[in-house]
Amino acid sequence: MRNTMKVAKWEVKRNLKNKSFVIGLFLTPILMVVFGFLGNLMGGDTSDNETAKIYVHDELNTFANLEATVEQYKLPFELERTNIQEADVEKKLKNAENTAYFFIDNRAFNEGTLPFYTSEDFPESISSQVQIFTEAVKLVQMQNLGLTEDQLAAVSTPITIQALSVDELGENSEKEQAMDQEQLMQRIVPGVFAGVILLSIIFTGMMIFQSASQEKKDKIAEIILSSVTPGELMQGKIVGYFVLGFVQVAVFIAFGIPFILWAMNDLPLFEYLFVPELLLFLLIAVLGYLLFAAIFVGIGATMSDISTAGNFQGLVIMIPFVSFFFIGPVASDPTSILAQVLSYVPFTSPVILLFRLVMLDQWSWVEISVSLAILIMSVWLFMKLAGKIFKVGILLYGKNATPGEIWKWMRA
Amino acid sequence: MDVLLSVEGLEKSFKDKKVLHNISFDVRKGEIMAILGPNGAGKSTTIRNIMGIMYPDEGKITFHGYNEIPRNKIGYLPEERGLYKNVKVIDILLYLADLKDYPQKKAKERALTYLKKFDLEGKEHVKMEELSKGMAQKVQFISSILHEPELLILDEPFSGLDPLSQELLKEEIRNLARNGAAILLSSHQMNVVEEMCDRLFMIQQGQKVIYGTLDDVKMKYANFKCTIRGKNDLEKIEQIPDVQRIESKEDSTVLYLHKDITPAKWLKKLPDDMVINELVMDRISLHEIFIDVATNKNLLLANEQMGEGDEHA
């Protein structure tokens with residue numbers, strides 16, 4: 001164990017003293033923040049968020065109603081009366097931006113349509129929101145028909161169909177909906193956090209592979225192994241790169257949290273973050289790391305250079321990333337059979353399980369337990385196998401191991 | 001001299017091929033023991049088994065005074081050279097000493113002393129990749145002796161070094177032996193072995209060929225040979241007594257002589273009419289024995305055994 005820690009300490013120290021590692025350490029979060037920042041700036045520039053100017057030529061005296069509607073639904077319109085003639089509109093709009101002319105007259109009753117002239121760049125989304133004005137015009141029509149107040153009220157109350165699924169019954173009060181929202185955040189924030197950790201340590205885990213094959217290439221393995229056992233060397237690497245993964249996470253946090261707080265406007269991040277769910281998410285992330293680290297260290301020991309990797313090794317390196325192919329289907333239905341099966345497959349379960357737990361309101365603890373149990377057993381098994389491959393592979397100089405040889409070592 | 005390491009009946013197979021057959025030898029404190037053999041003979045495999053990097057199929061490796069392999073008391077310079085590339089010299093020396101549980105402060109002092117000794121003063125903060133091959137090799141040698149090992153295993157320590165560095169290294173190795181370290185040295189350079197080693201173990205195709213002190217080996221295998229330059233009839237040469245084997249090339253002939261001849265007496269038996277432009281009388285060198293073994297001719301040894309047979313007859 002002491003030797004394991006020595007090796008781990010060395011790997012951490014060696015990498016932290018290495019310029020390219022340090023640059024990579026800071027570059028990734030900086031790039032992410034920079035792109036996030038740029039995205040925000042550009043996002044703020046889209047015309048959807050701007051208010052549109054609508055000139056109303058009102059012959060039916062509904063302007064007050066229109067203004068009330070805008071107020072009630074908080075529509076992004078600015079209304080103004082105008083006496084312009086329809087014939088002049090075209091000329092006016094040619095040079096205008098975000099402007100529309102709305103003619104309200106008897107055509108509403110005679111033809112059932114009202115002309116709404118817009119400038120070229122007038123946002124599509126606003127054009128559709130304008131439909132809401134029909135209510136105000138309809139009101140005028142009904143008043144003209146001489147209906148009583150009660151009749152008016154009855155006719156003008158719109159009927160909407162509200163979709164309620166079984167799990168939402170009994171919790172549809174507004175307060176509960178807010179709590180629902182909060183619960184979602186309580187899962188998303190720790191989930192995203194655990195995801196960042198998982199990704200960071202997987203990427204750092206890729207470096208284990210580098211480290212093992214480099215050691216083989218530089219032929220230093222034999223010297224190290226004259227002092228420590230192969231098992232200690234392998235464990236030392238796994239622990240060392242685990243620590244490096246957390247260093248990466250720490251840097252992410254140092255850059256990410258101020259940025260999120262700035263971008264999300266006082267999101268109570270820490271309240272959402274430090275919830276019991278976080279522990280489960282972290283457990284999944286750590287198990288995922290251990291599984292992939294075992295695979296990387298074992299495979300790394302079978303070849304001296306990634307560029308000489310055979311098809312077999314190349315495929316194995318891809319294993320941790322297989323999960324990402326399934327993110328789409330799982331996102332569209334987190335309770336599907338596919339999603340459940342992927343949570344039981346050790347190679348995909350860390351990412352998929354984490355993702356599903358964030359998506360789902362109701363957790364099936366049976367499913368989670370089975371999934372974790374499979375994962376823990378796989379970690380144990382793969383560590384054993386990696387140890388066997390590592391022991392032989394790291395000393396096999398000059399050639400890459402064939403799948404047949406690897407199979408033989410595993411059975412030894 | 002006390003025996004530090006005993007290897008008894010070592011057997012090892014890779015796949016279906018047996019690479020070590022019943023290898024047995026001792027290494028004693030204060031001696032330099034050579035392990036010789038052509039490439040692929042099984043030297044490195046033997047060493048790896050001693051180091052516990054591989055495990056033998058059969059046989060026993062005993063470190064006297066220890067229950068298991070005393071990794072911290074062994075220094076090892078493998079044949080395959082290499083150290084981490086992008087780290088500083090001093091960092092790697094201290095790391096390797098730390099793995100041997102050697103105190104860091106002492107390790108640093110010794111590291112600086114040795115760097116100075118090997119003409120690497122001021123290089124301690126230079127990265128390994130910036131050193132020349134020879135320099136890196138010297139650093140690697142330092143790393144193998146920094147922790148004051150009781151047993152030092154050197155696999156081809158001189159390859160790639162200039163003569164000056166070779167001398168420095170030889171001197172240091174002799175020093176360590178004088179101070180009581182047991183040294184197991186593998187080398188192809190027979191002159192070095194003849195010069196430095198007390199005993200030797202020669203291995204070919206995983207089998208012991210020769211084992212003994214340098215003097216014994218020389219006495220036993222290094223018979224006299226006589227090289228004559230001058231054109232002579234082969235028939236005439238074949239009549240010269242006490243000759244085991246004749247090698248004739250153009251106008252030069254090498255006569256390999258029986259073990260128990262007296263050179264002065266034998267010289268008198270040469271025919272009077274023999275053409276001799278030049279005559280050299282010397283012993284068969286270790287180098288020749290090695291070549292003989294390595295090329296699988298086994299002429300010297302076969303003849304030797306034959307010679308022994310003759311004696312008994």
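Visitor: What order do the strands of the open sheet in chain B take?
Guide: The order is S5-S6-S7-S3-S8-S9, 6 strands with mixed pairing. Strands are DSSP E runs of at least two residues, helices are H or I runs of at least four, and both are numbered from the N terminus. Two strands pair if DSSP finds at least two bridges between them. This is a predicted model: local features need pLDDT of at least 70, side-chain atom pairs count only at pLDDT 80 or more, and totals for chains, interfaces and linings use all residues. Residues are numbered from 1 along each chain as its sequence is written, while chains are lettered from A and ligands numbered from 1 in the order in which they are written.

Visitor: Which strands stand at the edges?
Guide: S5 (74–77) and S9 (207–213) of chain B do. Each has a single partner strand, so one side of each is left without a neighbour in the sheet.

Visitor: How many bridges join S5(B) to S6?
Guide: There are 4, and the two strands run parallel. B:Gly75 has B:Leu152 in S6(B) as its bridge partner.

Visitor: And which strands does H5 of chain B touch?
Guide: H5 (residues 163–178) packs on the sheet against S3 (32–36), S6 and S7 (182–186) of chain B. Its direction makes about 145 degrees with that of S7(B). Angles run from 0 to 180 degrees between N-to-C directions, and axes are lines fitted to C-alpha atoms, for helices over the stretch in contact. Contact means that C-beta atoms, placed from the backbone, lie within 7 Å.

Visitor: New topic. How many residues of H2(B) are buried?
Guide: 8 of its 11 residues are. Among them are B:Ile92, B:Leu93 and B:Tyr95. Buried means 20 or more other C-beta atoms within 10 Å of the residue's own, with C-beta atoms placed from the backbone.

Visitor: What covers them?
Guide: The cover includes H1 (2–16) and H10 (221–225) of chain A, together with H3 (104–117) and H4 (133–145) of chain B.

Visitor: How many residues of chain B are in contact with chain A?
Guide: 19 residues of chain B are in contact with 16 of chain A. H2(B) gives the most to the chain B side, with 4 residues.

Visitor: Over to chain A. At what angle do H18 and H19 pack?
Guide: H18 (residues 365–393) and H19 (residues 403–411) of chain A pack at about 115 degrees, with their axes 8 Å apart.

Visitor: Which residues meet there?
Guide: A:Leu385, A:Lys388, A:Ile389, A:Val392 and A:Gly393 in H18(A) meet A:Ile406, A:Trp409 and A:Met410 in H19(A).

Methods. Contact = placed C-beta atoms within 7 Å. Buried ≥ 20, exposed ≤ 12 C-beta atoms within 10 Å, placed from the backbone.
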